[in-house]
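The sequence and the structure are shown below.

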Amino acid sequence: MTELKNDRFLRALLREPVDVTPVWMMRQAGRYLPEYRDLRAKAGDFMSLCKNPQLACEVTIQPLKRFPLDAAILFSDILTIPDAMGLGLYFEAGEGPRFHKPVRTLADIEQLSVPEPEKDLGYVMDTVRAIRSELNGQVPLIGFSGSPWTLATYMVEGGSSKDFRHIKAKMFDQPEALHQLLDTLAQAVIAYLNGQIQAGAQAVQIFDTWGGVLSPACYQAFSLHYMEKIVAGLVREHGGRKVPVILFTKNGGQWLELIADAGADALGIDWTTNIGAARGRVGNRVALQGNMDPCVLYASPARIREEVKTILDSYGKANGHVFNLGHGIHPFVEPEKAAVFIDAVHELSAEYH
């Protein structure tokens, strides 16, 4: 096994001492990079890019060639699991993901089976192996999945949604059916993430993008409960190292204490929660990842550095902070602004360690 040259990201997730605060960006491999747009055009479309391990590996590595990031994240999509379930994923220009066969009835739910990682999602496992080989121990590799609730929203709605009317109607009127769907998805995510870990992912993140649209009681019952089940089912040590788990619920700042009890090593928080207040609420139970507003990257270099310093001051002198944006980097951000952000985190954080 290749020795890691830079493991500060993994150490920070485990609340161990580091020299500077590690930093990576959600969607760091993506549309803001001209080299990504060129490669996507070469692939033909987004899913063709995801399903080509060689090209997906190249996309994953692209931002690391530009920036001194402390982690790479697998280039893929959260909807690979429902796609492998046979729902017919496709992308409509300007409208995002769509499914030819949305899941609307109990019969639809009962027809779903848990995909086998190496058989049904082998292209993802091949991509993980290719990335690990290409990284050669430069930085750790993050694997990921969508949360059961978030995956279910797309599956039941048939794509993106603003009001979540189909899945919320099912949640209130047919909760048993929705729980059956979420349980199947939890089993699928456990198998999928464990497959990524076996293939070489050194940390994993669960993206609960739409958990924040729920009421407190519904969040606990229909989202957090299933993430807790996933965390309990994950391989937590592989290749002689611990495999940290990060939970990220967008707009979930009001539930930090509950999420901290779910068994993960770290919580991702968006910019609507003060990170210092968050640290005060969760104490030393978990590390925290975040949480600069991605729109700060549209500002001047001086303003970007100022915001980085504000967040570092808020978190304070303590272990357990991974710097990130509060959500994915926007496609119209200039790559040079991302460089300012990453350099500022490394330069300004030394005094906190």
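## A threonine in helix α8

T127 is found in helix α8, which covers residues 122-135. Helices (H or I, at least four residues) and strands (E, at least two) are DSSP runs, numbered from the N terminus. With a relative accessibility of 1%, T127 counts as buried; the term buried means under 20% relative accessible area, exposed means over 50%, and partly exposed lies in between (1.4 Å probe, protein chains only). If neighbours within four places in sequence are left aside, T127 is in contact with C50, P53, A56, C57 and L74, where contact means heavy atoms within 4.5 Å.

## Basis of the model

The model is predicted: local features need pLDDT of at least 70, side-chain atom pairs count only at pLDDT 80 or more, and totals for chains, interfaces and linings use all residues. Residues are numbered from 1 along each chain as its sequence is written, and side-chain values use heavy atoms, with hydrogens and water left out.

## Overall form

The secondary structure of the protein comprises 16 helices and 11 strands. Its radius of gyration, taken over C-alpha atoms, is 19 Å. Along the principal axes, the C-alpha trace spans about 60 × 45 × 40 Å.

Of the 353 residues, 58% are buried. Among contacts with a separation of 6 or more, 73% are between residues 24 or more positions apart. The accessible surface comes to about 13900 Å², and carbon and sulfur atoms hold 48% of it; these areas come from the Shrake-Rupley method with a 1.4 Å probe, and for residues only the protein chains shown count as cover.

## The nonpolar core

A nonpolar core is a set of buried Ala, Val, Leu, Ile, Met, Phe, Trp, Tyr and Cys residues joined through side-chain atoms within 4.5 Å. The largest such core has 131 residues, of which F9, M155, L181 and F341 touch the most other members. Helix α11 (residues 175-199) gives the most to this core, with 13 residues.

Which residues are in contact with L181, leaving aside its neighbours within four places in sequence? They are V103, I109, L112, A152, M155 and V156.

## An alanine in helix α16

A344 lies in helix α16, residues 335-349. At 0% relative accessibility, A344 counts as buried. Beyond its neighbours within four places in sequence, A344 is in contact with R305, V308 and S349. A344 and A302 are 42 residues apart in sequence, and their C-alpha atoms are 9.8 Å apart in space.

## Backbone features in the loops

Two residues other than glycine have positive phi values. For R27, phi is about 65 degrees; R27 is in the loop between α1 (8-13) and α2 (34-43). For F164, phi is near 55 degrees, and the residue is placed in the loop between α9 (148-157) and α10 (165-173). F164 counts as buried, at 5% relative accessibility.

The peptide bond from G290 to N291 is cis, with omega near 0 degrees. N291 belongs to the loop between β10 (287-289) and α15 (301-315).

How values were computed: Rg over C-alpha atoms; globule rule 2.2 N^0.38 Å.
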